[in-house]
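Biologist: Could you take me through this model in questions and answers, with the cut-offs stated as we go?

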Amino acid sequence: MREVEEAISRGIKYLLSMQNDDGGWGEHYSSYYSEKPIIGKSTVEQTSWVLISLMECGIDDPKIIEKGITFLLEKQERDGSFPRAYTAAAIDPGRYDLYSLVFPLIALSVYKKRCVRNENDRDRV
């Protein structure tokens, strides 16, 4: 079990090191051809994947999670949709329209269940 905990800790540390200044996460498409990820423009898909992972690992530090949640909330369109990123698919860059809706909704729901502690927070989500 200790090995698993150490692996989780290293993974969390790595993800936190890749957070962009806008609060989101993104990977440049050239990462497909690189041994290490190349940080790119934040996307709602990749930000959602990271937030879900961090929250599922028990990270609920507002300084970390709130920045990502704010990024998602600011990106949501009036009709409820989110902008789609061309580079958000691991299999083949292209159109994966549901990724940009499903994953932000999951991230916001996990946030609401795990991190919302008071009425002021509840009004936000």
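This is a predicted model: local features need pLDDT of at least 70, side-chain atom pairs count only at pLDDT 80 or more; totals for chains, interfaces and linings use all residues.

Modeller: Residues are numbered from 1 along each chain as its sequence is written, and side-chain values use heavy atoms, with hydrogens and water left out.

Biologist: What percentage of the residues in the protein chain is buried?

Modeller: Buried means under 20% relative accessible area, exposed over 50%, and partly exposed in between, with a 1.4 Å probe and protein chains only. Of the 125 residues in the protein chain, the buried share is 34%.

Biologist: Which residues does L54 contact, leaving aside its neighbours within four places in sequence?

Modeller: Contact means heavy atoms within 4.5 Å. L54 is among the core residues with the most contacts inside the core. Leaving aside those neighbours, its partners are I12, L15, L16, W25, I59, I64 and I65.

Biologist: Which residues do ring pairs link into a cluster?

Modeller: Rings of Phe, Tyr and Trp (its six-membered ring) pair if their centres lie within 6.5 Å, and planes under 30 degrees apart count as stacked, over 60 as edge-to-face and the rest as tilted. A search of the whole structure finds three aromatic pairs, among them the edge-to-face pair of W49 and Y99, with 6.1 Å centre to centre and 75° between the planes. Because W49 lies in helix α2 (residues 44-56) and Y99 in helix α4, this pair ties together parts that are 50 residues apart in sequence. The rings of Y99 and F103 are also edge-to-face, since their centres are 5.5 Å apart and their planes at 85°, and the cluster is therefore made of W49, Y99 and F103.

Biologist: How many residues apart are E56 and R114, the pair that links distant parts of the chain?

Modeller: A salt bridge is a side-chain nitrogen of Lys or Arg within 4 Å of a carboxyl oxygen of Asp or Glu, and by this rule the count comes to two. One of them joins E56 and R114 at 3.0 Å, N to O. With E56 in helix α2 and R114 in helix α4, the separation is 58 residues.

Biologist: Where do R2 and E6 both lie?

Modeller: R2 forms a salt bridge with E6, the closest N and O atoms being 3.2 Å apart. R2 is exposed at 65% relative accessibility, whereas E6 is partly exposed at 35%. The two are four residues apart, about one turn, in helix α1 (residues 2-17).

Biologist: Is N20 buried or exposed?

Modeller: N20 is found in the loop between α1 and β1 (25-27). Leaving aside its neighbours within four places in sequence, N20 is in contact with W25, G26, I39, G40, K41 and S42. Its relative accessible area is 14%, so N20 is buried.

Biologist: What is the area of the nonpolar surface patch made by L98, L101, V102, L105 and I106?

Modeller: Patches are made of residues with over 30% relative accessible area and no salt bridge, where like charges are joined within 9 Å and nonpolar side chains (Val, Leu, Ile, Met, Phe, Trp, Tyr) within 5 Å. L98 lies in the loop between α3 (62-75) and α4 (99-114), and L98 counts as exposed at 59% relative accessibility. With accessible areas from the Shrake-Rupley method with a 1.4 Å probe, where for residues only the protein chains shown count as cover, the patch comes to about 400 Å².

Terms used
A nonpolar core is a set of buried Ala, Val, Leu, Ile, Met, Phe, Trp, Tyr and Cys residues joined through side-chain atoms within 4.5 Å.
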